[in-house]
Protein chains: 4
Amino acid sequence: MKLTDIVQKNDTLGGKLFDWATIALILYSVLTLTIETLPNLSPTAVQFLEVSEIVVTVLFTIEYSLRVATSRPKLKYVFSFYGLIDLIAIAPFYLSLGFDVRSIRLVRLVRIFRLLKLNRYTKAIDRFGRALMIAKEEIILFVLATIAMLYLSAVGIYYFEHAAQPEQFPSIPHSLWWAVATLTTVGYGDVYPITMGGKVFTFFMLMLGLGIVAVPAGLMATALTEVRKQESREKSG
Amino acid sequence: MKLTDIVQKNDTLGGKLFDWATIALILYSVLTLTIETLPNLSPTAVQFLEVSEIVVTVLFTIEYSLRVATSRPKLKYVFSFYGLIDLIAIAPFYLSLGFDVRSIRLVRLVRIFRLLKLNRYTKAIDRFGRALMIAKEEIILFVLATIAMLYLSAVGIYYFEHAAQPEQFPSIPHSLWWAVATLTTVGYGDVYPITMGGKVFTFFMLMLGLGIVAVPAGLMATALTEVRKQESREKSG
Amino acid sequence: MKLTDIVQKNDTLGGKLFDWATIALILYSVLTLTIETLPNLSPTAVQFLEVSEIVVTVLFTIEYSLRVATSRPKLKYVFSFYGLIDLIAIAPFYLSLGFDVRSIRLVRLVRIFRLLKLNRYTKAIDRFGRALMIAKEEIILFVLATIAMLYLSAVGIYYFEHAAQPEQFPSIPHSLWWAVATLTTVGYGDVYPITMGGKVFTFFMLMLGLGIVAVPAGLMATALTEVRKQESREKSG
Amino acid sequence: MKLTDIVQKNDTLGGKLFDWATIALILYSVLTLTIETLPNLSPTAVQFLEVSEIVVTVLFTIEYSLRVATSRPKLKYVFSFYGLIDLIAIAPFYLSLGFDVRSIRLVRLVRIFRLLKLNRYTKAIDRFGRALMIAKEEIILFVLATIAMLYLSAVGIYYFEHAAQPEQFPSIPHSLWWAVATLTTVGYGDVYPITMGGKVFTFFMLMLGLGIVAVPAGLMATALTEVRKQESREKSG
């Protein structure tokens, strides 16, 4: 079996193993980068994470080199989307050798986007794309309606609550935060109306808004069902 | 190309450009009016916003004059819905020249309703209307059921919590606010039951109420899917 | 036109007017009973509400007498569901003439259940009933699953949080309140996990529980759509 | 009627009574174990619960013995899933006779899993399983997308809020708790963004995330409807 087959293809045994090893390495590296942010880590843990990071980066560097070397149209991989992500994923390590910058470290988390390559493997994502295509127009309409709804809610609550709670609703942009937390029904409780007018207004906006925010999910669900039916018809037809 | 074609029609190049310029101007003006409400703006920013407002209003005034001038049945536009909105959108500026009234300023936000003219452009809104027509009766029923549910929840929680929390649940109208925040699952946390009876009651109301509040969105989703199918059948039929 | 036709039937002009007048009176009386609970009402308002209540009760008493008098199998109405509700709706007034009991007043709110008679008028409720019939088994299953889910969540969070927050999670029944507020996504914020174990447990319960709680609404929506289709087929068939 | 028929079968009168008696006993015992956790129970209540527990355990022990005795391939029941659960349900009682361990008591709650045997009785669970089969791929995809979404939200909010609220967002794992509470729209209000960047980021994550979290429920609903249709076709076909 040639190296090219292992690195570039995923229908051979070697290719599959190479792919799965890469995925495992990505997940492991994302996990360690996540743990690294924990405060009060023991010195042993910090040391382990540092060594682990060196090993991971060396492995990613080898993988990157292999991909560059086996790329058929010479520089195709280097300038592809995943080529750039792979480079960004290892570059901070080499850059930070000279000067230690904490903020650069998080950049290495771009590695997670490499999991998107899994695209190729699942038929479900393709199905999802077709469902999105079917319901495209309605979803765009509902997203626009959601934005309009959020804006009008912010203007209204600003009008009703600004005088009573100047600290909580100092301006329309600030009121937008309330609109987001309310119409999505998250309702943290950091800002809420206290005037009668504001409460009645919130009621009407919620009655209208809940439907608008919830419909797109229902549309996607029915569209996905439709795509599934089409496929089974194509198979049997 | 005649002026009438540009102002009144939207299927010519000039008409399209005129329409898009108007939309851009509306969005820009709504944005500046929003930013204007921010506290602690620098004097430069305030000055910029004031000049910007003058320019925008002059442009809207020109647009209004053009629409009045090119309106075929002479005063048709002036007394139309959009004609009135366009007038309300510029009037506060000229009125506030004499006496400065802050509250009048917000009135200019009616400009945003001019975006509703976009109606004409999207087929999706028409589809939405037909879906609403299909599910009309059920949606009315569920809206009535929601109102009844909210009222009964308010009466019940008032009965259970009034004695324990007279500050939070002083009356049935006040308890309605709790009912709205709870049955929509927003749950700010400003009012909530503390008695055993109130908590058990909340559980039953939520079990019943969640369904009632969530069904209309599902109905709209399936109705929209139906309309889409009808259309594709009409096309192919 | 005979009195019987007006009181007992609803397909004559007199009958319709009588029905609508009754509905208006019910809504008016429910509204005044609601306002009555407001604290700090002016003496004038209190007096107006008292007079209003006397007038309303007299009118309901007349209506009740008419219904009893025109009931064909003599006592059929008196012992019917609505006959009892109508009696309960006026009885507290006469009982409280002798001794003033505040708590008895709220009983008069049973009047609102008289609106259920509207059943007869809308075809939508019948449709709703048929949809409930179609999805009956699944909905029962999901309600049982919801109860099991709530109970298991309460046991779990009690296990994880009892030691850390004995005040908030003193027992499994108390923890049920947390489970209700969390799985319905209301999230008041009066109780929430603070331990790592409790948080991870909450995550898994939410992943499982959200689906279980949300599916019944979707089921009702699709069942209602089905009923609508059946009806239009019956009509055209 | 033979003992075997009563214990092992559920289509005879005796078998049905035996099954229902067992279910009632399970529910009663779970209820008492739940009440047992309540603080400040009166000595009488504690004594009643203790006696009740002895009676229940003796009954369960008899049932266990009967099942072991009537099991056809001799030890089949002892090593089956339900046999183990039945053993775990009674074992803590006999173990705690010697040494009193409070924590072991909760183990007896495994009894609740015996209700899963109800599986056999309802066709709805089977239908549910088939619906899960139909929508399997999409649901897996959405669960993966949910996890990715939660992780990216945690990373993002950590980036925006860590500096402003080091207490609330000390690390990415801690930020995950915020992501869970927000994207499920529970929104307890114990942690929420306060910076402009964090709020805008929350808005975008919610817009994307709400759909992803809500779609699986819709998928299950449509899949369940499909299964119901298939069944009625099979019946009539």
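**Figure 1. Where chain D meets chain A.** In this predicted model, the contact draws 39 residues from chain D and 32 residues from chain A. Together the two chains bury about 3100 Å², with 74% of that area on carbon and sulfur atoms. On the chain D side, Glu138(D), Leu141(D) and Tyr151(D) lose the most area to chain A, and together they make up 16% of what that side buries.

**Figure 2. The chain D side of the contact, helix by helix.** Three helices of chain D, α7 (136-161), α8 (172-183) and α9 (196-236), each supply at least two residues to the side that touches chain A. Which of them gives the most? It is α9(D), with 13 residues.

Figure 3. Chain A splits into domain 1, covering 3-117, and domain 2, covering 136-236. The centres of these two domains of chain A, taken over C-alpha atoms, lie 39 Å apart.

Figure 4. Look for Thr34(B) in helix α2 of chain B, which spans residues 13-35. Is Thr34(B) buried or exposed? Its relative accessible area is 7%, under the 20% cut-off, so Thr34(B) counts as buried. The side chain of Thr34(B) reaches the backbone oxygen of Val30(B) at 2.7 Å. Setting aside neighbours within four places in sequence, the contacts of Thr34(B) are with Tyr151(A), Ile172(A) and Pro173(A).

**Figure 5. Ser52(B) and its surroundings.** Ser52(B) sits in helix α3 of chain B, residues 43-70. With 5% relative accessibility, Ser52(B) counts as buried because the value is under 20%. Not counting residues up to four places away in sequence, Ser52(B) touches Tyr28(B) and Thr32(B). For a sense of scale, the C-alpha atoms of Ser52(B) and Val191(B) are separated by 44 Å, and these residues are 139 residues apart along the chain.

**Figure 6. A salt bridge within one helix of chain D.** Over all chains, the whole structure holds 12 salt bridges. One of them joins the side chains of Arg67(D) and Glu63(D), at 2.8 Å from N to O. Both residues belong to helix α3 (residues 43-70) of chain D and lie four residues apart, about one turn of the helix. Arg67(D) and Glu63(D) are both buried.

**Figure 7. Arg130(D) and Glu231(D), a link between helices.** The side chains of Arg130(D) and Glu231(D) meet in a salt bridge, 3.5 Å from N to O. This pair connects distant parts of the chain: Arg130(D) is in helix α6 (residues 123-134) and Glu231(D) in helix α9 of chain D, 101 residues apart. Arg130(D) is partly exposed at 28% relative accessibility, whereas Glu231(D) is buried, with a relative accessible area of 12%.

**Figure 8. Arg130(A) and its salt-bridge partners.** Salt bridges with shared partners join Arg130(A), Glu231(A) and Glu234(A) into one network. Within it, the closest N and O atoms of Arg130(A) and Glu234(A) are 3.8 Å apart. Arg130(A) lies in helix α6 (residues 123-134) and Glu234(A) in helix α9 (residues 196-236) of chain A, so their bridge ties together parts that are 104 residues apart in sequence. Arg130(A) is partly exposed, with a relative accessible area of 28%, while Glu234(A) is exposed, at 53%.

Notes: Residues are numbered from 1 along each chain as its sequence is written. Chains are lettered from A and ligands numbered from 1 in the order in which they are written. This is a predicted model: local features need pLDDT of at least 70, side-chain atom pairs count only at pLDDT 80 or more; totals for chains, interfaces and linings use all residues. Side-chain values use heavy atoms; hydrogens and water are left out. Contact means heavy atoms within 4.5 Å. Buried area is the accessible area (1.4 Å probe) that two parts lose on being put together, summed over both. Domain bounds come from an automatic or database domain assignment. Buried means under 20% relative accessible area, exposed over 50%, partly exposed in between (1.4 Å probe, protein chains only). A polar contact is a pair of N or O atoms within 3.5 Å; within protein, one must be able to donate a hydrogen and the other to accept it, and residues adjacent in sequence count only if both atoms are side-chain atoms. A salt bridge is a side-chain nitrogen of Lys or Arg within 4 Å of a carboxyl oxygen of Asp or Glu.
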